Amino acid sequence: MQYTINVRGRLVDLSQPMVMGILNATPDSFYSGSRKQTEAEIAERANQIIAEGGRIIDVGAFSTRPGAEVVSVEEETARLKRALQIVHREQPDAIVSVDTYRPLVARRCVEEFGADIINDVSEGGLTGIVGQAIHEEGDMFETVVRLGVPYILMSVQPTLEKMMLGFAEEVQRLHSLGAKDIILDPGYGFGKTLEQNYEIMKHSERLLEFGLPVLVGISRKSMIYKLLGGDPTTSLNGTTVLNTIALQKGASILRVHDVKEAVEATRLLLQF
């Protein structure tokens with residue numbers, strides 16, 4: 001599929017899959033290897049993502065895993081401000097997305113701290129931390145449209161049918177507001193059982209019916225180690241296998257902890 005997104009006036013071609021590297025400026029993300037808090041750690045991770053072939057650096061400061069500690073708007077904003085400043089200093093030409101479901105945080109990250117993309121795990125405000133309703137000031141859809149940046153819309157629905165219906169309504173609303181660059185994320189691990197995750201992935205090529213690029217984030221998630229055994233630290237091989245399947249089913253962006261391995265998977269798949 002031929003896709004392009006407009007990133008601050010720069011057209012980014014998604015006709016070949018690209019890799020988004022995860023940078024968590026938080027002490028409690030589910031995978032301990034992704035937690036980067038000191039200036040040196042954040043700088044090293046930003047440089048590593050680009051050196052290994054990643055094209056997007058996804059910065060988060062509020063873990064949305066089950067049981068995660070609630071972080072205030074002020075704390076999340078402060079963490080993101082610091083991390084984004086370091087990322088831009090180290091990699092000024094990198095595309096940077098910010099992982100937040102809070103409209104106020106999203107606005108400040110774009111307008112003041114230089115974020116290029118909003119990555120929203122709440123499906124526009126349905127949920128924040130897994131299994132918890134949220135009540136945030138502002139409307140994420142309206143905020144994204146006003147900011148004029150690409151928007152990653154992630155589903156928290158448990159089945160593909162409900163996901164397709166939800167996306168249809170949400171994409172229509174976004175378009176009616178004036179949104180232009182929408183990226184769909186099926187939201188593996190969010191609001192879904194183990195079986196539902198795999199059932200959705202089995203038929204995930206149907207998401208291409210929307211004519212929009214698809215992002216897949218399955219890196220080291222519990223859907224891997226609950227099936228195979230182990231924990232996030234032992235789930236790299238399973239991640240690579242599922243990323244390859246996701247690419248075969250049309251994913252345009254892989255959101256990962258392990259950039260080198262994901263880039264290699266995309267390069268190999270392009271040979272066929």
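Predicted model: local features only at pLDDT ≥ 70, side-chain atom pairs only at ≥ 80, totals over all residues.
Eight strands, or 8 in the running count, form an open sheet with parallel pairing. The order is S8-S7-S6-S5-S4-S3-S10-S9. S8 and S9 stand at the edges, and each has a single partner strand, so one side of each lacks a neighbour in the sheet. Strands of a sheet pair through backbone hydrogen bonds, in a parallel or an antiparallel way. Within this sheet, S3 and S4 run parallel and are joined by 5 bridges. Asn24 stands opposite Gly60 in S4.

Strand S7 (residues 151-154) pairs with S8 in the parallel sense, over 4 bridges. Leu153 has Leu184 of S8 as its bridge partner. S7, helix H5 (residues 160-177) and S8 together make a right-handed β-α-β unit. Is S8 covered on its faces or open? Both faces of S8 (residues 182-185) are covered. Ile182 and Leu184 are buried on one side, Ile183 and Asp185 on the other.

The largest nonpolar core has 60 residues, and Ile118 and Leu153 touch the most other members. H5 supplies the largest share of this core, with 6 residues. A separate core of 14 residues lies apart from it, including Tyr3, Leu14, Ile95 and Ile253. Which residues surround Ile118? Leaving out residues up to four places away in sequence, Ile118 touches Val98, Thr100, Ala106, Val110, Met140, Val144, Val149, Pro150, Tyr151 and Ile152.

Helix H9 (residues 259-269) has a buried side. Val259, Ala262, Val263, Ala265 and Thr266 are buried there. They span an arc of only 155° around the axis, which puts them on the same side of H9. An α-helix has 3.6 residues a turn, so residues three or four places apart point the same way. The face of H9 turned away from the buried side carries exposed Arg267 and Leu268. What do the buried residues of H9 pack against? Their partners are strand S3 (18-24), helix H1 (39-51), helix H8 (236-248) and strand S10 (253-256).

Asn243 touches Ile218, Leu254, Val256 and Ala262, not counting residues up to four places away in sequence. Ala262 is also one of the buried residues of H9.

Phe62 sits in the loop between strand S4 (56-60) and helix H2 (73-90), and Tyr101 in the loop between strand S5 (95-99) and helix H3 (103-111), so the pair ties together parts 39 residues apart in sequence. Phe62 and Tyr101 are both buried.

Phe167 and Phe210 form an edge-to-face pair, 6.1 Å centre to centre and 85° between the planes. Phe167 lies in helix H5 and Phe210 in the loop between helix H6 (194-202) and strand S9 (215-216), so this pair ties together parts 43 residues apart in sequence. Phe210 is partly exposed, with a relative accessible area of 23%.

Methods: Residues numbered from 1 in each chain as written. Heavy atoms only, no water. Buried < 20%, exposed > 50% of the residue type's maximum accessible area, 1.4 Å probe, protein only. Helix = DSSP H or I, 4+ residues; strand = E, 2+ residues; numbered from the N terminus. Pairing = 2+ DSSP bridges. Right-handed = clockwise from strand over helix to strand, strands pointing away. Arc of directions from axis to C-beta. Contact = heavy atoms within 4.5 Å. Core = buried A, V, L, I, M, F, W, Y, C linked by side-chain atoms within 4.5 Å. Phe/Tyr/Trp six-rings, centres within 6.5 Å; stacked < 30°, edge-to-face > 60°.
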